[in-house]
Every structure is written in C-alpha cells, then in structure tokens.
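Dear colleague,

Here is the structure I promised to pass on, with its sequence. Below it you will find my notes on what turned up when I went through it.

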Amino acid sequence: MDDVAARTQGRVGANGIELAYEAFGQTGDPAIVLVMGWATQMIAWPDELCEALATRGHFVVRFDNRDTGASTHLEHVPPPPLGEVLTRRRRPPYTIGDMADDVAALLDGLGLASVHLVGASMGGFIAQTVALRHPGRVRSLTLMMTSTGSLRVGLAKPRVYARLLRREVISGREAAVASAVETFRLIGSRGYPFDEAHVREVAGRSWDRGFDPAGSLRQLEATVTQPNRTAALRQITVPALVIHGLADPLVGPSGGLALARAIPGCRFIGYPGMGHDLPRPLWPEFVEQITALAARGERDRQHGAVSG
C-alpha cells in the first residue's frame, strides 16, 4: 500500500502561471484529477481519500488553483471591492474559463492526455468548463456540491450569505482557524458528527501554505461572473455523476439536480444530512462512486478505440 499510494509533489508551468500539485499512486494508472472550490486549497481533499483512490488503481492528482496555497498568486492585481464583485460592475481579472484552461495546462505539464475529472463547489464549475472547452481531455466527470451557473438554481440560504460576505480581518493563524470552524459549523453536514479536529488541521495548514484574502476575492469575482452553462452541458457525452448533499445550505440541491438533468445520461446521488463539505463517514462512499464511474469511462474509452 505504501508503494501504491506513494506521494509526490511539485510545480508545473500552466497557462502563464505555476500550479502546485501533489500526486498519489503510480503514474501509469488511469489518472483522477481533483479540483477544489472557492478559497480552498488542495489539502481540503483528504489525504485518506486520495490514498484510497490510488489504492484502487488510479494516479491521483490534487492541486492548488491560482490564487490559493502554493500556486501563483496574482499579487499585482488589486483585490476588487466586495460591492463591485457582487454587483458585477467590472470585468474580472480572470474567469472560470481561464481556470479551466489552467487545468488543461496542468495536464500538459504532467503528461496526461486525458483524465477522470472530479470537481467540488467552484471546482465543479471549473470541471464542467474543462469538459466543455477541452472535451478530449475528460474520460469521466464527477461533480460534487456544485451547480450549472444559473442564478435560478443552487441558491444559498440567506444566513449563509450573511456569514460568508461578512467583512472580517483575519489577524493571525488562530483567528483563521477559528473563522474556518465557525464557517463549517454553518455550512457543514449537520447529519454527521462535526469533525472539528479535521477542520482545524486543514485550516492551520492552509494558513501556513498561503492564506490570501485578496486572492479569494479575485476567485469570487470569477465565480459570480460565470455564465449559465445549462444549454451547453447537453454537449457532454462522457459518463457523468452528480453528488450533492440534500442539506447543503451554500449550494442548494436544486443546483445538483439541474446539472444531472442537463448532462445526458448523468446520474444524481443525494445524501441526506450532507452539507457543503466532505463528511468523513462518506469518504469510502465517495471513493466507491468515483472509481465506479471511472471504470465506466475506461470501458467506454476502450470500446471506442476498438470500434474506431
């Protein structure tokens, strides 16, 4: 197991920036690339989940999006005022499409022609866009706690908007950890035990790796200006799965259901009690669902090669 799930890390040039990544498993195995959400670093994909995917015969890659963690931060771009972000008063410094192109460039840098793509929250917006802009790079698509980009579905609860858009100054590591605990008590999975130790550990490591409120605002600007992809999603032909918490207060389940309706042949799995996080008791289930979909993608790819 230690050999199969061995971890490597590095940085690659991608789309004019550098992306930090970590990989688990053997490079020759079918690749799974994990795309994380807004203001969240790659380490929010739990080590245990990544290792479990690797032991199931996959080369697993997680990475920091631009403006997070150890990847390039666009420090030369002033952070937008929050009011302008929410009212879309200006053109964002980059878009969800640019972040999707980052993923394609990451694959180039790692020598991966095509992969099984998994996106959570904003990472789901990015993963959908990769599948639309670079369809040949995606073998299967798993979308977790995310939506179509339509303003009519996947809406957050008012209490969540109030918390996440609250102006606060984080003065140090302990304050950052406390803020993360408060946030995940609000948006997390109320149907499962609150894993405060895990939240604190990830939040502390995230502070150490590169806490960047300005980068979070730039990512938010990309998110709120994304297009409605509902019609375009009908072009996706690879095996697809939507995983959504039925108690998600940040991206309502209607967002995931809309995705599943829009993507041909897509399956929806809703988990009662799951919010906007990855509750530990569901990690084995996530591994099962992701690897089962990947296996289907591999079968379809082999069948296509034989038929062609």
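Strand 2 and strand 4 run antiparallel and are joined by four bridges, and within this pairing E22 has R62 of strand 4 as its bridge partner. Please keep in mind while reading that this is a predicted model.

Strand 4 also pairs with strand 3 (residues 31–35), this time in the parallel sense and again through four bridges, with L34 taking R62 as its bridge partner in strand 4.

How many residues of strand 4 are buried? The strand is mostly covered, with five of its five residues buried. In a regular strand the side chains alternate between the two faces of the sheet. Here F59, V61 and F63 point one way while V60 and R62 point the other way, and all of them are buried.

On its other pairing, strand 2 (residues 17–24) meets strand 1 (residues 7–14) in the antiparallel sense over eight bridges, and R7 stands opposite F24 of strand 2. The hairpin formed by strand 1 and strand 2 has two residues between the strands, and N15 takes a positive phi near 55° there.

Several of the residues just mentioned come back when one turns to charge pairs. Side chains of opposite charge can pair when their charged atoms come close. A search of the whole structure finds 20 salt bridges, and R7, E22, D47, E51 and R62 are linked in a network of them. D47 is found in helix 1, and although D47 and R7 are 40 residues apart along the chain, their C-alpha atoms are separated by 9.8 Å. Leaving aside residues up to four places away in sequence, D47 touches R7, F24, R62 and R205.

Which parts of the chain does the salt bridge between R209 and D64 link? The closest N and O atoms of R209 and D64 are 2.8 Å apart, and the pair links distant parts of the chain, since R209 belongs to helix 7 (residues 196–210) whereas D64 sits in the loop between strand 4 (59–63) and helix 2 (82–87), 145 residues apart. The two partners can be set side by side for accessibility: R209 is partly exposed, with a relative accessible area of 25%, whereas D64, at 0% relative accessibility, counts as buried. The cut-off for buried is under 20% relative accessible area.

E196 and R200 meet through their side chains at 2.9 Å, N to O, and because they are four residues apart in helix 7, they are separated by about one helical turn. R205 and E201 form a salt bridge at 3.1 Å, N to O, and they too lie in helix 7, four residues apart, or about one turn of the helix. An α-helix has 3.6 residues a turn, so residues three or four places apart point the same way. As for accessibility, E196 is partly exposed at 25% and R200 is partly exposed at 35%, while R205 counts as partly exposed at 24% and E201 as partly exposed at 36%.

Finally, a few words on helix packing. Two packed helices are described by the angle between their axes and the distance between the axes. Helix 3 (residues 96–110) and helix 4 (residues 122–133) pack at an angle of about 70°, with their axes 8 Å apart, and the two helices are therefore roughly perpendicular to each other. Their contact is made by I96, G97, M99, A100, D101 and V103 from helix 3 and by M122, F125, I126, T129, V130 and R133 from helix 4.

Helix 4 is also one of the elements against which the buried residues of helix 9 pack, together with strand 6 (138–144), strand 7 (240–245) and strand 8 (267–271). In helix 9 (residues 253–262) the buried residues include G255, G256, A258, L259, A260 and A262.

With best regards

Terms used: Residues are numbered from 1 along each chain as its sequence is written. This is a predicted model: local features need pLDDT of at least 70, side-chain atom pairs count only at pLDDT 80 or more; totals for chains, interfaces and linings use all residues. Side-chain values use heavy atoms; hydrogens and water are left out. A salt bridge is a side-chain nitrogen of Lys or Arg within 4 Å of a carboxyl oxygen of Asp or Glu. Buried means under 20% relative accessible area, exposed over 50%, partly exposed in between (1.4 Å probe, protein chains only). Two strands pair if DSSP finds at least two bridges between them. Axes are lines fitted to C-alpha atoms, for helices over the stretch in contact, and angles run from 0 to 180 degrees between N-to-C directions. Angles under 35 degrees count as roughly parallel, over 145 as roughly antiparallel, 65 to 115 as roughly perpendicular and the rest as oblique. Contact means heavy atoms within 4.5 Å.
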